[in-house]
Amino acid sequence: MEARFQQQAKVFKALCDPKRLAILDLLKSGETCACVLMDRMDMGQSAVSYHMKILCQSGLVDFRQEGKWTHYRLSTTGRDSALQLLRELTTPKG
């Protein structure tokens with residue numbers, strides 16, 4: 001049971017930072033290259049990588065490599081899982 005809660009906590013960790021929320025908002029426009037995120041967020045490569053690692057581990061964001069750049073997009077599966085998790089955690093039993 002502890003491992004399940006560890007994984008679930010990753011979703012909320014991803015959502016509890018203003019910069020990650022801003023990144024999610026940018027990704028609503030479609031797949032975005034890390035270089036664009038760096039520019040739009042006014043962050044260096046290591047900061048973007050840090051935030052994207054958390055977002056990808058949560059399942060809310062998917063990625064693909066193209067050459068030296070990584071492209072990110074919102075995950076509909078991750079979104080649906082996060083919504084279901086919130087429903088399960090906040091729905092009273094009985």
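H2 and H4 sit roughly perpendicular to each other, because angles of 65 to 115 degrees count as such. Their packing angle is about 75°, and their axes lie 10 Å apart. This is a predicted model.

**The H2–H4 contact**

H2 covers residues 18-27, and H4 covers residues 45-58. From H2, the contact uses Lys19, Arg20, Ile23, Leu24 and Leu27. From H4, Tyr50, His51, Met52, Ile54 and Leu55 meet them. By class, the residues of this contact divide into 7 nonpolar, 1 polar and 2 charged.

**The H3–H4 contact**

H4 also packs against H3, which spans residues 34-41. Here the angle is about 110°, with the axes 10 Å apart. That makes H3 roughly perpendicular to H4. H3 brings Ala34, Leu37 and Met38 to the contact. H4 answers with Gln45, Val48 and Met52. The residues of this contact divide into 5 nonpolar, 1 polar and no charged. Met52 of H4 is listed in the contact with H2 and in the contact with H3.

| Helix pair | Angle | Axis distance | Residue classes in the contact |
|---|---|---|---|
| H2 and H4 | about 75° | 10 Å | 7 nonpolar, 1 polar, 2 charged |
| H3 and H4 | about 110° | 10 Å | 5 nonpolar, 1 polar, no charged |

**Overall layout**

How many helices and strands does the protein chain have? There are 5 helices and 3 strands. Along the sequence they follow the pattern α-α-β-α-α-β-β-α. The C-alpha atoms fill a box of roughly 50 × 25 × 20 Å along the principal axes.

**The sheet**

The 3 strands form an open sheet in the order E1-E3-E2, with antiparallel pairing. E1 (32-33) and E2 (61-66) stand at the edges. Each has a single partner strand, so one side of each is left without a neighbour in the sheet. H2 packs on this sheet and touches E1, E2 and E3. The direction of H2 makes about 85° with that of E3.

E3 runs over residues 69-74. It pairs with E2 over 6 bridges, in the antiparallel sense. Its pairing with E1 is also antiparallel, over 2 bridges. Which residue of E3 is the bridge partner of Phe63? The partner is Tyr72. Tyr72 is the bridge partner of Thr32 too.

E2 and E3 form a hairpin, with 2 residues between them. In the turn, Gly67 has a positive phi of about 65°.

**The largest pocket**

The largest pocket holds about 200 Å³ of space. Its lining consists of Leu15, Leu21, Leu24, Asp25, Lys28, Leu60, Leu74, Ser75, Thr76, Arg79, Ala82 and Leu83. By class, that is 7 nonpolar, 2 polar and 3 charged residues.

Which helix gives the most to this lining? H5 does, with 4 residues. H5 spans residues 76-90. H2 and H5 each supply at least two residues of the lining.

Note on methods. Residues numbered from 1 in each chain as written. Predicted model: local features only at pLDDT ≥ 70, side-chain atom pairs only at ≥ 80, totals over all residues. Heavy atoms only, no water. 1 Å grid on protein atoms, 1.4 Å probe; cavity = no way out; pocket = protein on both sides within 12 Å on 5 of 7 lines; lining within 4 Å. Points joined across faces, edges and corners; volume = space filled by probe spheres on them. Nonpolar A, V, L, I, M, F, W, Y, C, P; charged D, E, K, R; others polar. Pairing = 2+ DSSP bridges. Contact = heavy atoms within 4.5 Å. Axes fitted to C-alpha atoms, helices over the stretch in contact; angles between N-to-C directions. Parallel < 35°, antiparallel > 145°, perpendicular 65-115°, else oblique.
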